Amino acid sequence: MAYLAWRLAQRSCPSSLQVTGFPVVQLHMNRTAMRASQKDFENAMNQVKLLKKDPGNEVKLKLYALYKQATEGPCNMPKPGVFDLISKAKWDAWNALGSLPKEAARQNYVDLVSSLSPSLESSSQVEPGTDRKSTGFETLVVTSEDGITKIMFNRPTKKNAINTEMYHEIMRALKAASKDDSIITVLTGNGDYYSSGNDLTNFTDIPPGGVEEKAKNNAVLLREFVGCFIDFPKPLIAVVNGPAVGISVTLLGLFDAVYASDRATFHTPFSHLGQSPEGCSSYTFPKIMSPAKATEMLIFGKKLTAGEACAQGLVTEVFPDSTFQKEVWTRLKAFAKLPPNAVRISKEVIRKREREKLHAVNAEECNVLQGRWLSDECTNAVVNFLSRKSKL
Ligand SMILES: CCCCCC/C=C/C(=O)SCCNC(=O)CCNC(=O)[C@H](O)C(C)(C)COP(=O)(O)OP(=O)(O)OC[C@H]1O[C@@H](n2cnc3c(N)ncnc32)[C@H](O)[C@@H]1OP(=O)(O)O
């Protein structure tokens, strides 16, 4: 539908610059200056050049939405009718940003534009080695700057649901981060969600071997994916910018610090989905928060506020949403100035006793889930989600 909308929009617009009514810019800025202050943002807008590489439609929608959010705040456009495809696609993209602060939207806009522009890598205004953005990711924005590698989930219109491609890209980004010269690695989400967990459409693409083969493939993928978090050698920090669901919550037990906006919530509705815990949460959650509290979350699906998750020990500290990004990144930059070897060795000392146990837990959870995915309980829950009526 979004594709159709864009085709219609392109027919009625004189140039690709105007397709979405917002400027697609190529930034020629010092990367160290890419803190999206209003001035930076305005400078960027003044340095408009058409991108040599025409971004895809999904990206254009993201740019449109971020630009509107950065300049006007949360979506103020009346919800269009079903047949107004162009406006509906724009409304969906803008609305998906929820209450994302203008400052964060400016930053995301700048990040996204610079990730689209290969020529930035060779810009003479880029200070070598101060900030690197990895290209070649469809579902993530990965940057490395000031000793911090940031891996940002980047499917905001799908609430950063983790599809198969994203599982693979996160593993690839983590492997690269484990070898780069950063001191800490940060995971965060673009838009109003941290992540809505496993993309439930992952269950729909059935291979020739049928649902059994699909369940087996998913179990293999999940085991490898969680294994990357267990083995990650540097401090892994979650910057939980909004609600987190499912596997994006359970994995937090494997992080070294979790900073959350007071807008964030933590929800693991596994029983409702006919599924069972993963991400080693069957082991880490009872240890972190007591068996009874873990049961409330993992079996009964109790959704925790950020404050509650902090009281249970799952979250390290909670910040007001209005100052969240500023306060957290200031702190992370200070961490990243610590001596790298001491940091890495300390993590090893703290974590190594548990590693073997965690791999065993991971293997068992994946086996159990493989069976769950073939159950009627799970199938019905996924079908119910995917066949939800449009909320129009
Ligand atoms: C290799 C396999 C490994 C599996 C590991 C096991 C992992 C388990 C889990 O993670 S279990 C948790 C799974 N997640 C969920 O059950 C969440 C499902 N989503 C929702 O309940 C809601 O979407 C919401 C509460 C997150 C947000 O609600 P709302 O604010 O009303 O927004 P929308 O529902 O309209 O969402 C916008 C857009 O995003 C799509 N979407 C959101 N989450 C998911 C998802 N998890 N999977 C697939 N799609 C998702 C939603 O369908 C909308 O798309 P649309 O605009 O309709 O195209």
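Visitor: Is Pro156 buried or exposed?
Guide: The model is a predicted one, and the answer rests on the computed relative accessible area. Buried means under 20% relative accessible area. Pro156 has a value of 4%, so Pro156 is buried.

Visitor: Which residues does Pro156 touch, not counting residues up to four places away in sequence?
Guide: Contact means heavy atoms within 4.5 Å. With residues up to four places away in sequence set aside, the partners of Pro156 are Lys62, Ala96, Leu97, Asn190 and Gly191.

Visitor: What separates the C-alpha atoms of Pro156 and Ser195?
Guide: Along the chain, Pro156 and Ser195 are 39 residues apart.

Visitor: How many residues of domain 2 are in contact with domain 1?
Guide: The protein chain is divided into domain 1, residues 38-116, and domain 2, residues 140-390. Their C-alpha centres lie 27 Å apart. On the domain 1 side, 12 residues take part in the contact; on the domain 2 side, the number is 11.

Visitor: What area is buried between domain 1 and domain 2?
Guide: The size of an interface is often given as the accessible area lost when the parts come together. Carbon and sulfur atoms give 56% of the area buried between domain 1 and domain 2. The buried area is about 1,100 Å².

Visitor: Which residues make a nonpolar surface patch of about 230 Å²?
Guide: Patches are made of residues with over 30% relative accessible area. Val211, in helix 7 (residues 210-230), is partly exposed because its relative accessible area is 43%. The patch is made by Val211 together with Ile206 and Leu374.

Visitor: Among contacts between residues at least 6 apart in sequence, what percentage join residues at least 24 apart?
Guide: The protein chain has 14 helices and 10 strands, and buried residues make up 52% of its 392 residues. Among contacts between residues at least 6 apart in sequence, the part that joins residues at least 24 apart is 74%.

Conventions:
Residues are numbered from 1 along each chain as its sequence is written. This is a predicted model: local features need pLDDT of at least 70, side-chain atom pairs count only at pLDDT 80 or more; totals for chains, interfaces and linings use all residues. Side-chain values use heavy atoms; hydrogens and water are left out. Patches are made of residues with over 30% relative accessible area and no salt bridge: like charges are joined within 9 Å, nonpolar side chains (Val, Leu, Ile, Met, Phe, Trp, Tyr) within 5 Å. Accessible areas come from the Shrake-Rupley method with a 1.4 Å probe; for residues, only the protein chains shown count as cover. A salt bridge is a side-chain nitrogen of Lys or Arg within 4 Å of a carboxyl oxygen of Asp or Glu. Helices (H or I, at least four residues) and strands (E, at least two) are DSSP runs, numbered from the N terminus. Buried means under 20% relative accessible area, exposed over 50%, partly exposed in between (1.4 Å probe, protein chains only). Domain bounds come from an automatic or database domain assignment. Buried area is the accessible area (1.4 Å probe) that two parts lose on being put together, summed over both.
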